[in-house]
Every structure is written in structure tokens, then in C-alpha cells.
Amino acid sequence: MVGVHETAIMVISCILCSVLLGFANATATSTYNVVKYGAKPDGKTDSTEPFIAAWQSACASPSPATIYVPKGRYLLRNTNFRGPCKGKVTFLIAGTLVAPEDYHALGNSGFWILFNHVENLVVSGGKLDAKGAAFWNCRRSGKTCPAGARSMTFNWVNNLVVSGLTSVNSQLSHLVINTCTNVLVKNVRLIAPDQSPNTDGIHVERSTGVTINGCTLQTGDDCISIGDATNNLFMSNIKCGPGHGVSIGSLGQNVDEKGVENVTLTNAIFSGSDNGVRIKTWARPSNGFVRNVVFQNIVMDKVQNPIIIDQNYCPNNQGCPAQTSGIKIRQITYLNINGSSATPEAVTFDCSPSNPCEGIKLQDINLTYNNKAAISSCKNIDGTSSGTLVLESCL
Ligand SMILES: *[C@@H]1O[C@H](CO)[C@@H](O)[C@H](O)[C@H]1NC(C)=O
Ligand SMILES: *[C@@H]1O[C@H](CO)[C@@H](O)[C@H](O)[C@H]1NC(C)=O
Ligand SMILES: *[C@@H]1O[C@H](CO)[C@@H](O)[C@H](O)[C@H]1NC(C)=O
């Protein structure tokens, strides 16, 4: 016989257990293995359609979904993973995604693997091999080549985590964050040979709230490049080199550009790179700006231009009618930067005559060339230097 008391307990525990079951259902993750959709881990069979099919199933799942790519090599052509999706999607990659041997196969769309209009996305692990060498050779030979492809691009993706990804030999940039909000990129390795043309590591543009942490970037172009309309970007624990350094720019190619603001780079090592920290703008009229930037706790090892602002970018002296940049650069702090320059001039501030740089601060800088204090040069700039300086400061 069941008393009133026991009944109450049973009712309560039933409510509890259904709450728990409901909770378990809502968080249960469904897994979509690309091999079950026909992908072949042989590196030869075109697996594009099976990957898209797995994506479509995962994307349609209201509960969190994981797309799983087991070990092996999977040949993919241009692959467009399109949202919006019903729930959170995790792309868990144990294998390697490889591009077609013939670079013409990726055509002129500019991307290889593209995520488009997705909320709540995680890309974890994996290796990308875009086989860029033949494409670089085509470009170097001066022949007519296709536009080339960025290896992994995120367009309009919000709440994104990319972690543990390795990318080698991209045709152009390895990883592109474009028009995204709330992004974490961590522990990625992006590798291409020194001198491979336009192989940027990470390119961030038109994005808000991007954190990049713990990355190894060895590329032929910028390790990280930052385009217009980017704000609240935080980069830490970055190893860069070879490559062209961490660059804000090129900015100001167009008149109407949104500015770059609130950018921090902290704890970074640059080894043998062309630049360390660079701000680069076209010598053209523009409404854009760069403001509130901090570069701090940085070690330079034989870097050509450890610290540089170049507002006179005008390749081949073409298309820069005014020959001065409209981009306003202000409140830029360089703090605790040590090491060696590969050239006598470790610090170059070449600001716009029509828009001088303002609020530039150098503090605790020890940059040497041949074991002696390096020199610096200043044009059209207002700023201060303080702290311990082993540098002939022009500020
Ligand atoms: C930049 O940072 C400042 C100070 O923290 C903040 O007030 C401002 O809103 C930020 N700018 C953007 C575009 O978020
Ligand atoms: C730079 O050198 C100073 C003095 O030797 C040291 O205190 C500081 O930690 C060094 N900074 C970095 C980023 O290594
Ligand atoms: C500056 O760096 C050099 C070499 O890295 C080091 O020998 C020297 O002690 C440093 N000077 C200061 C003032 O920290």
C-alpha cells in the first residue's frame, strides 16, 4: 500500500526524472560520420558530396550535432557548408582534407572550404593540405593562373571556435575570419614556405570580438593580417616567422572604409620575419582610422622591421593620386619589446603628411642591431617614449 507521503515522493521524483530526461535529450549529441555518407579516406575519391550530405543532416538537427571525419585523407573540391543550422554544429576532424592535385579544379571562386551564415560552430582538430606549390609556381612563372583559393573561410559566422587545426601549403590565406562576431581561434598551426606568394596565416576582416591564442604561424605573407572594420581583436601567445609579421592593413585602398579599433597583441615571438608589428595604409584618400592598439611583451629575433608604420603603400606607384593617406592613426602603444633587428633601423614611423599619427607611445624597448642600440625614424608623428630604452628614439 502506498501512503500519501510515498505518493508525493514518487510524483516529485517522476517530475525530477522527466526534467532530467528532457535535459539529457536536449543536450544529446547526434554524430554524423562522413564515411557513412560515402566519403572515402583514400585521398583520391572525391568526397565533396558526402561531406555536404553529412553537413546537411547535422545542420538540420535541432539538438547539438557533430560531424565526424575519421583518420585518413579526404579529397575535397570547393566545399560550401551553408547555414543557418537548427542547432550547434561541431566539425570534429581526425583526418586530413586534401585539395585536388590540379589547382584549376578549385576555379575562381576564391575559396576551398567555406562556412557561410552559421551560428554556434566549432571546428576542432584536423589538417588541411591545399597543395599550393603548383599554384605558386604558376604565379611566379607569370603565366595566366586562376584566382586561387583561401583554405578555410568563415563568412557571417557568429560564436565560432576553431581549435587544434593544422593547415599546410594554402594557395592563398590559410584561415579567413570575415564578417564574424565572437570568435576564438586557438592552437592552430599554419605553415607555408617563406616566399610562397600571398599565403597569409590568419586574415581577420569586418569582424568583432575575435580572440587568437597560442598559434604557430610560418608563412610566405603576413602571419596575421587585419582588414578594415575589425574591432576588439585580442591576440596572445603567437609565434610568427618566417612571414611578414602581424599587420594591420593594408587599409585605405577605398575612400569609405570603417576603421580598425581595440586591437591587442601580447606575448609574441617573431623569428626571422620581414616585419614584427606593422600598420600599413595606402597613400590614398580614405575616411578610415586605426586607434587604440597595444603591442606588448614581444621578443624579436633578427626581424627586418620590428616596429613599422608605413602610410606610403603604393605598389608600382600606381593609383595613389594624392600620395598621402587619409587613414588616421592614433593611440598606438608599444610596450616591453626586446630583441634583435636584422637592419639598423628597428623602428620606422612613416606617417601621412595630411594625417599625422598621434598618441604613439614607446615604452621599455630594447632593440639592438649588431649588439648596439638600433635607430629609429619619425615622419609626421606625435608621441612619447618612456621607460628603459635601448633604442635611439626619434619620439
Ligand atoms: C573599444 O574599446 C573602448 C574602451 O574599452 C570601448 O569603449 C569601445 O566601445 C570599443 N569599441 C568598439 C567598436 O567596440
Ligand atoms: C625584456 O627585457 C627586460 C629586461 O631584461 C625583461 O625584464 C623583460 O621581461 C623582457 N621582455 C620580454 C618580452 O622578454
Ligand atoms: C638589452 O638587450 C641586450 C641583448 O638582448 C641585453 O644584453 C641588455 O642587457 C639589454 N639591456 C637592458 C637595459 O635590458
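Reader: Is Trp-156 buried, exposed or partly exposed?

Author: This is a predicted model, and in it Trp-156 counts as partly exposed, because 17 other C-beta atoms lie within 10 Å, while a buried residue needs 20 or more.

Reader: Which strand is Trp-156 in?

Author: Trp-156 belongs to strand E8, which covers residues 150-163. Its backbone is worth a look as well: phi of Trp-156 is near 50°, a positive value in a residue other than glycine.

Reader: Staying with the backbone, which peptide bonds are cis?

Author: I can point to two. The bond from Gly-83 to Pro-84 is cis, with omega near -5°, and Pro-84 sits in the loop between E5 and E6. The bond from Gly-249 to Ser-250 is cis as well, with omega near 10°. Ser-250 is part of strand E17, residues 246-251.

Reader: Thanks! On to the ligands. Which residues are around ligand 1?

Author: Ligand 1 has Asn-231, Asn-232, Glu-261, Asn-262 and Asn-292 around it. Two or more residues of that shell come from strand E16 (231-240), and likewise from strand E18 (260-271).

Reader: How does the shell around ligand 1 split by class?

Author: The shell around ligand 1 holds 4 polar residues and 1 charged residue, with no nonpolar ones.

Reader: And what surrounds ligand 2?

Author: Around ligand 2 you will find Asn-297, Ile-298, Val-299, Asn-336, Asn-338 and Asn-366. Strands E20 (289-303) and E22 (328-341) are the elements that give two or more residues to this shell. E20 provides the largest share, 3 residues. By class, the shell around ligand 2 has 4 polar, 2 nonpolar and no charged residues.

Reader: Which residues are around ligand 3?

Author: The residues around ligand 3 are Thr-368, Thr-388, Val-390, Asn-338 and Asn-366. Asn-338 and Asn-366 are also found around ligand 2. Strand E24 (357-369) and strand E26 (381-392) each give at least two residues to the shell around ligand 3. That shell has 4 polar residues, 1 nonpolar and no charged.

Reader: Changing topic to helix H2: how many residues does it have, and how far does it reach?

Author: H2 runs over residues 48-60, so to speak a stretch of 13 residues. From its first C-alpha to its last it reaches 18 Å, close to the 18 Å expected at 1.5 Å a residue.

Reader: Which residues of H2 are buried?

Author: The buried ones are Pro-50, Phe-51, Ala-54, Trp-55, Ala-58 and Cys-59. Seen down the axis of H2, they fall within an arc of 165°, so they line one face of the helix.

Reader: What covers those buried residues?

Author: The cover includes strands E1 (30-33), E3 (65-69), E5 (79-82) and E6 (89-98).

Reader: I'm also curious about Pro-344. Where does it lie, and is it buried or exposed?

Author: Pro-344 lies in the loop between E22 and strand E23 (345-350). It counts as exposed, because it has 12 C-beta neighbours inside 10 Å.

Reader: What does Pro-344 touch?

Author: Leaving out residues up to four places away in sequence, Pro-344 touches Tyr-369, Ala-374 and Ile-375.

Reader: Last one, on the overall layout. What domains are there, and how far apart are their centres?

Author: The domain assignment gives domain 1 (29-191) and domain 2 (222-395). Their C-alpha centres lie 32 Å apart. The protein has 3 helices and 26 strands, and its C-alpha trace spans about 90 × 60 × 40 Å along the principal axes. Of its 395 residues, 42% count as buried.

Conventions:
Residues are numbered from 1 along each chain as its sequence is written. Chains are lettered from A and ligands numbered from 1 in the order in which they are written. This is a predicted model: local features need pLDDT of at least 70, side-chain atom pairs count only at pLDDT 80 or more; totals for chains, interfaces and linings use all residues. Helices (H or I, at least four residues) and strands (E, at least two) are DSSP runs, numbered from the N terminus. The expected span of a helix is 1.5 Å times one less than its number of residues. The arc is that of the directions from the helix axis to the C-beta atoms. Two residues are in contact if their C-beta atoms, placed from the backbone, lie within 7 Å. A residue is near a molecule or strand if its C-beta atom, placed from the backbone, lies within 6 Å of it. Ala, Val, Leu, Ile, Met, Phe, Trp, Tyr, Cys and Pro count as nonpolar, Asp, Glu, Lys and Arg as charged, and the others, Gly among them, as polar. Domain bounds come from an automatic or database domain assignment.
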